[in-house]
Amino acid sequence: GDVVWPVITTGARLVHDDDDERIAVQDVRATVVRAGQCAVGDVLWHRPGNEADAPFDLLLVRDLAHALTHEPDQVALHYQPVLDLRTGEMVAAEALLRWTHPELGPMSPAATIEAAERCGLIVMLGRHVLRTALAQLRDWSSVVGPSFRMHVNVSPLELRNPEYVDHLDAAIEDAGVPAERVLLEVTETVLVSDEPVVQRSLEGIGHLGVALGIDDFGTGYSSIVHLRRLPVDTVKIDRSLVSGISESPADFLLARSVVQLVSTLSVRIVAEGIENELEAAHLRAMGCAFGQGYHLGRPAPAAVLLPAAHVEDDRPCSASA
């Protein structure tokens, strides 16, 4: 008996008498997909030049689903070190997605994650990444310090899954690693979310003893007030606030102000995107103790980042449904 409002989104293409019917249908299907992304409830006309975008996206999703369910070795991780800027010690590593398509080669991590989020694969992909990263943390246990952490990025869509915390708990137990050595990185948008299921996930993460980090701080709409609402352990200052500090006094002052403001929360501050030693020196002077960036270490396979690690079980970690 409820009243509903159907929303009709239309993709359209002008067809001439001599047009190939198959290509015309393919074009209009591609336009419908784009309309659903950027013109919901409206009409979007086909524009020549982007015909292959939507079909390619569909193929990308199909192949990613196949990789996760049948060939998980295609979806691997590289690891970028996080260093103590005062001592040079590696205190953590961030797990970064790397998908090598069997025909197309290395795929863009951003495009892969975007496709997974858009088409419902992000939970499966996130679980695969989490379990692979935790297995690597276990294998590194003999060559890293007791406080070494593994950073794993989490999509906001994963946190909307009511079973997320249960799976996280099971993954940690299966890997046999201490929960406090795992840090989940979420974006600033999670801070301003008022969705009950997301809030329950964040609270559950804290109850497990897993640390919570805010990624790309300074680029969104969050504030210190939002940070105080959650048990945030680490704040990562976005690279856009770091890139100009060695050349621009204004950029230096802005970055210093952000670091000083976040310091009032007694959290670990990690500066991202450090490209040279001068930037690292400026950040140390500001009171930022930890950093990440190409100057400190590029993302690399586990065997390259820590070649001395003794791996007892080198079997691939398969995706978990």
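**Patches, bridges and burial**

Author: Gladly. L14, V43 and W45 make a nonpolar surface patch of about 340 Å². Please keep in mind that this is a predicted model.

Reader: What makes V43 count as partly exposed?

Author: Its relative accessibility is 42%. As for its place in the chain, V43 lies in strand 2, residues 43-45.

Reader: Let us turn to charges. Why is the pair R62 and D63 called a salt bridge?

Author: The closest N and O atoms of R62 and D63 are 2.9 Å apart. The limit is 4 Å between a side-chain nitrogen of Lys or Arg and a carboxyl oxygen of Asp or Glu, so the pair qualifies as a salt bridge.

Reader: How do you know whether R62 is buried or exposed, and what about D63?

Author: R62 has 52% relative accessibility, and exposed means over 50%, so R62 is exposed. D63 has 18%, and buried means under 20%, so D63 is buried.

Reader: What makes E163 and R127 a salt bridge?

Author: Their side chains meet at 3.8 Å, N to O, which is within the 4 Å limit, so the name applies. E163 lies in the loop between helix 5 (156-159) and helix 6 (164-175), while R127 is in helix 4 (residues 122-139), so the pair ties together parts that are 36 residues apart in sequence.

Reader: Why is R127 called buried?

Author: R127 has a relative accessible area of 10%. Since buried means under 20%, R127 is buried.

Reader: Where is N161, and which residues does N161 contact?

Author: N161 is also placed in the loop between helix 5 and helix 6. Leaving aside neighbours within four places in sequence, N161 is in contact with V123, R127, V197 and S201. N161 has 18% relative accessibility, which is under the 20% limit, so N161 is buried.

Reader: How do you know that E277 and R284 form a salt bridge?

Author: Their closest N and O atoms are 2.8 Å apart, within 4 Å, so they form a salt bridge. E277 is partly exposed at 41% relative accessibility, and R284 is partly exposed at 33%. Elsewhere, salt bridges that share partners join E94, E185, K236 and E272 into one network.

Reader: How many salt bridges does the structure hold?

Author: The structure holds 14 salt bridges.

Definitions and conventions: Residues are numbered from 1 along each chain as its sequence is written. This is a predicted model: local features need pLDDT of at least 70, side-chain atom pairs count only at pLDDT 80 or more; totals for chains, interfaces and linings use all residues. Side-chain values use heavy atoms; hydrogens and water are left out. Buried means under 20% relative accessible area, exposed over 50%, partly exposed in between (1.4 Å probe, protein chains only). Helices (H or I, at least four residues) and strands (E, at least two) are DSSP runs, numbered from the N terminus. Patches are made of residues with over 30% relative accessible area and no salt bridge: like charges are joined within 9 Å, nonpolar side chains (Val, Leu, Ile, Met, Phe, Trp, Tyr) within 5 Å. Accessible areas come from the Shrake-Rupley method with a 1.4 Å probe; for residues, only the protein chains shown count as cover. Contact means heavy atoms within 4.5 Å.
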